[in-house]
Amino acid sequence: MDEATLKQYLADDPPTVVPLSIKPHFEALSQQEKKYAHYISRASFSGTRVNLRQCSPESEAIYDFILALHKSSNGDWKKLQSEAKLSDDDLRHFLNYAAQFIGNLGNYKSFGDSKFIPRLPSASIEALAKTSPETEKLWSAVKDHLYQSSPISKMHLGYPDQGHVSAYYLDTPENPITTEEITITSDFIKETGLMPENTRLRKTKEGDFELLIASATTNPDIRDLKESEWTLGGKLQGKKLRLCYGDHHVEMGKIAESMAGARDHALNDVQKAMHSEYVKAFHDGSMFAHLESQRRWIKDINVPVECNIGFIETYRDPHGIRGEWEGFAAMINKERTKAFTKLVESAPTNVSKLPWPEAFEKDKFLSPDFTSLEVLSFGSSGIPAGINIPNYDVVRQNEGFKNVSLGNVLSAAAPKEPTPFIRNEDQEVWDKYKDDAFEVQVGLHELLGHGCGKLLQETEPGSYNFDVKNPPSSPLDGKPITKWYKPGETWGTVFGGMGPSYEECRAESVAMSLCPDYSILQIFGFGDGREVDINGKAGDVLFVCYLQMARAGLAALQFWDPASRKWGQAHMQARFAILQVFLEAGPEFCELRHTKEDVSDLNIHLDRNKIESHGRPAINKFLQKLQVYKATADLEAGKALYEGITHVNEFYATKLRPEVLRQAKPRKVFVQANTFLDGDDVTLKEYDATPEGLIQSFADRDYV
């Protein structure tokens, strides 16, 4: 790899380490509430090693190496520096790498799925390793992986037979697993009715397949299927597929034990029932039990402590069906929740403003619980700003869902400095309203974006959720629809790996479609609901909403890989698509301007006075297509639309992307508190927002 290419894979220098402040909100809880939160927090962080194993084969060993170095010196990094005869720069680079690694729970970025490598020489880390026998032994296991950068395809997560890395698909050197085999076995699993979120797939040296199911036991009492072995047909004729329970069994045992503790300190009967299902899900590996836990969860509303836990989001699986471990415990922010409650109340009215006819919308908007939370613990490879779950269509479409906005994640501040690609004349309004605009965007995205839109289905043979004899007409061509979901098909199984990004784009487009509505801006506390002065506070927030999306679309280029010409992050691919919609609306509305050949002076010019006349109509036209293709299971048309608008041409690839990389700001990594049982009390320990503080916080989680 040439030096210029390698540079983009170097660890952040420094990473943006920020505190996830929680103390006042935690201290306001009752003793029972603190214990309830404590056990959920333990369960969430007990999945740390699961996250590491889901990232890359070497991540868990690197994690052990970092913590062993910390332990050998009792956290005295200056002592280690002296013993290893390291320069100040080398120590700083190692701590920065360690902080970014722990903040992402792996050596691939959780947002972008690209590998990062240390900035200090290998010999300097080896000098650190030689300060104790244990760390020297661990170093020998990781040193070759830490700096490996060839072939370049292995610098990205994806399908193994395309040269990428995936810890969801395991094989042997003599019998590598192929994308075709992943597809065939996944389709077969779908037909059995087994849910794949808590699984990994392993190909044996004999060429058979083992579906590894996360559970505390290898012989569970509760099984989602009676069968445990099948003989495959077709191109895999004669090959076996076996269910193997006990993947991550140590961690799943600890998680189940902690969730039993949460059940014992539950605040109501709904929570007791919910946590009983969680215990079954993690002890026995039952996804049916996890599905049932989510049915209980959506009914657990207006509670002081909120939580969710399991194998949730499928972004990191290249096939888009296997979930990454995630768990959180959080406190409700009552004041900030008031605006979201009003948004929920107005949701049916606002959904009707979206650009599709009634037949393409749910028969009844399932009003969710929508709260602003302050996060105590979030165990995963990255922390989002907002969440809309459960992802199970059978619950979301028919029973309901929840939305949460994570307040202390949104407000965790990095040092203020000029924002790349924002004009000088827009910088002041950007700085003043970017957090407000982002909260509006997140609220609309999570509640209305993910919460709206009907899937037209044959729910079981001969039964439909629409009039099949007089099918609705598509708003795209006025003709009756001819496609819909067949029995057993879901959004995820039909759209596959493209689905997560496509859905994020649809949700982001809903936010862009509705944020120009001044009555919605009023709900968030901006303006009086009338479009009297577009240059007033509400107009400023609206302008920054659109400008923020345009800038995100440009910044997204760092998550596109020029070697494979593929996107590595679902949300950023979605935002790049929306930037293209803005640009196609005309240069009088949105334009990327520069005067220098190397585009180093490039800025986004977006006319706030043309959002209503140009921006909103363009996004509505695009959003209408996204929804119709999703609603009718039209993968062919949806794929053509989405892959077309997210195609990266040579100007973007060779001119803009290098400049985006040059000006890229490190993503935040969060330092989270720990809770400890002290007799009958629960104590909270917070840490400095430094690489050392971040490492210490994980070292103190001796249960992981």
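**A sheet and its surroundings**

Mentor: Start with β7 and β8: eight bridges join strand β7 to strand β8 (residues 324-332), and the two run antiparallel. Two strands count as paired if DSSP finds at least two bridges between them. Helices (H or I, at least four residues) and strands (E, at least two) are DSSP runs, numbered from the N terminus. Glu 313 faces Glu 324 of β8 across the pairing.

Before going on, the ground rules. Residues are numbered from 1 along each chain as its sequence is written, and the model is predicted, so local features need pLDDT of at least 70, side-chain atom pairs count only at pLDDT 80 or more, and totals for chains, interfaces and linings use all residues. Side-chain values rest on heavy atoms, with hydrogens and water left out.

Now the whole sheet. β7 and β8 belong to an open sheet of five strands, in the order β7-β8-β9-β11-β10, with mixed pairing. Its edge strands are β7 (305-313) and β10 (386-389), each of which pairs on one side only. Neighbouring strands are turned against each other by 35° on average, direction ignored. Helix α18 (residues 424-449) packs on this sheet and touches β9 (369-379), β10 and β11 (402-406). Contact means heavy atoms within 4.5 Å. The direction of α18 makes about 5° with that of β10. Axes are lines fitted to C-alpha atoms, for helices over the stretch in contact, and angles run from 0 to 180 degrees between N-to-C directions.

Follow the chain past the end of β10. A cis peptide bond joins Ile 389 and Pro 390, with omega about 10°. Pro 390 sits in the loop between β10 and α16 (393-396). Another cis bond runs from Asp 13 to Pro 14, with omega near -5°. Pro 14 is in the loop between α1 (3-7) and β1 (16-19).

Next, the other sheet. It is open and has five strands, ordered β2-β3-β4-β6-β5, with mixed pairing. The edges are β2 (169-170) and β5 (229-231), each pairing on one side only. Two bridges join β2 to β3, which run parallel. Leu 170 is opposite Arg 202 in β3.

The side chains of Arg 242 and Asp 208 form a salt bridge (3.5 Å, N to O). Arg 242 is in strand β6 (residues 240-247) and Asp 208 in the loop between β3 (199-203) and β4 (209-214), so the pair links parts 34 residues apart in sequence. A salt bridge is a side-chain nitrogen of Lys or Arg within 4 Å of a carboxyl oxygen of Asp or Glu. The structure holds 42 of these salt bridges.

Then the helices. Helix α11 (residues 249-264) and α12 pack at about 170°, their axes 9 Å apart. Therefore α11 is roughly antiparallel to α12. Angles under 35 degrees count as roughly parallel, over 145 as roughly antiparallel, 65 to 115 as roughly perpendicular and the rest as oblique. Among the contact residues are Met 252, Ile 255 and Met 259 of α11, and Tyr 278, Val 279 and Phe 282 of α12. By class, that contact has nine nonpolar, three polar and two charged residues. Ala, Val, Leu, Ile, Met, Phe, Trp, Tyr, Cys and Pro count as nonpolar, Asp, Glu, Lys and Arg as charged, and the others, Gly among them, as polar.

On to α13. Helix α12 (residues 269-284) packs with helix α13 (residues 287-297) at about 160°, axes 8 Å apart. So α12 is roughly antiparallel to α13. The contact includes Val 270, Met 274 and Tyr 278 of α12, and Ala 289, His 290 and Trp 297 of α13. Eight nonpolar, three polar and four charged residues make up the contact of α12 with α13.
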